[in-house]
Amino acid sequence: MKLVIGADHAGFPLKEEVRGYLERLGHDITDVGAFNTEPSDYPDFAEEVGRTLMAGRAERGILICGSGVGVCVAANKMPGVRASMCHDSYSAHQGVEHDDMNVLVMGSRIIGPALAFDLVATYLNAHFQSQEERFVRRLNKVKAIEARYMAEAAKTTNS
């Protein structure tokens, strides 16, 4: 699978471990940084992951920061990004199956590599339940909210 991964300085060590794990599994990885533990700003990496997804250069993304909260908030500001912080395997698969989550977010100060590997595997093996009308209906409502407020935000910005 084509994946994009990003993290700020706090998430860098876990990102490196997760990237290595994904490479061992044979995935095609685009790493958008950070590339060291020098202080950096989480929104920059969330945006790069989102831009890579929006451009169709990856099917799914993974974001890591200290808590997971910052990159999750930032990533969800982008059209088409459905990021969720998951620190348990149920959320990692349910988010994909029911909500078509396309970015897995983890907090490096919350979980360690063993759990991160389990979450990543669970996330990547899950598939959106597109044959179930209730999940498609709900996802379409989420997309409609996004479209409505993105259009309003554009009007405000252009005024």
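Reader: Which residues in helix 1 meet which residues in helix 5?

Author: On the helix 1 side, Leu14, Glu17, Val18, Tyr21, Leu22 and Arg24 take part, and they meet Pro113, Ala116, Phe117, Val120, Ala121 and Leu124 in helix 5, where contact means heavy atoms within 4.5 Å. By class, this contact has ten nonpolar, no polar and two charged residues; Ala, Val, Leu, Ile, Met, Phe, Trp, Tyr, Cys and Pro count as nonpolar, Asp, Glu, Lys and Arg as charged, and the others, Gly among them, as polar. This is a predicted model, in which local features need pLDDT of at least 70 and side-chain atom pairs count only at pLDDT 80 or more, while totals for chains, interfaces and linings use all residues. Residues are numbered from 1 along each chain as its sequence is written, and side-chain values use heavy atoms, with hydrogens and water left out.

Reader: At what angle do the axes of helix 1 and helix 5 cross?

Author: Two packed helices are described by the angle between their axes and the distance between the axes. Here the axes of helix 1 and helix 5 cross at roughly 50° and come within 10 Å; axes are lines fitted to C-alpha atoms, for helices over the stretch in contact, with angles from 0 to 180 degrees between N-to-C directions. Helix 1 is therefore oblique to helix 5, given that angles under 35 degrees count as roughly parallel, over 145 as roughly antiparallel, 65 to 115 as roughly perpendicular and the rest as oblique. The crossing of helix 1 and helix 5 is right-handed, that is, the near helix is turned clockwise from the far one by less than a right angle, anticlockwise being left-handed.

Reader: How many aromatic pairs does a search of the whole structure find?

Author: The search finds one, where rings of Phe, Tyr and Trp (its six-membered ring) pair if their centres lie within 6.5 Å, and planes under 30 degrees apart count as stacked, over 60 as edge-to-face and the rest as tilted. The partners are Tyr21 and Phe117, stacked with 4.5 Å centre to centre and 10° between the planes. This pair links distant parts of the chain, with Tyr21 in helix 1 (residues 12-24) and Phe117 in helix 5, 96 residues apart. Tyr21 counts as buried because its relative accessibility is 17% (buried means under 20% relative accessible area, exposed over 50%, partly exposed in between, with a 1.4 Å probe and protein chains only).

Reader: How far apart are the axes of helix 4 and helix 5, and at what angle do these helices pack?

Author: Helix 4 (residues 89-99) and helix 5 (residues 113-125) have axes 8 Å apart and an angle of about 20°, so helix 4 is roughly parallel to helix 5. Ser89, Ala92, His93 and Val96 in helix 4 meet Asp118, Leu119, Thr122 and Tyr123 in helix 5, a set that divides into four nonpolar, three polar and one charged.

Reader: Is Val96 buried or exposed?

Author: Val96 counts as buried, at 1% relative accessibility. Apart from its neighbours within four places in sequence, Val96 is in contact with Arg60, Met101, Tyr123, Ala126, His127 and Phe128, and the C-alpha atoms of Val96 and His127, 31 residues apart along the chain, are separated by 5.9 Å.

Reader: Which peptide bond is cis, and what is the phi of Asp100?

Author: Most residues other than glycine have a negative phi, and most peptide bonds are trans. The peptide bond from Gly33 to Ala34 is cis, with omega near -5°, and Ala34 is placed in the loop between strand 2 (28-31) and helix 2 (42-54). Asp100, in the loop between helix 4 and strand 5 (103-107), has a positive phi, near 55°, and counts as partly exposed at 21% relative accessibility. The helices (H or I, at least four residues) and strands (E, at least two) are DSSP runs, numbered from the N terminus.
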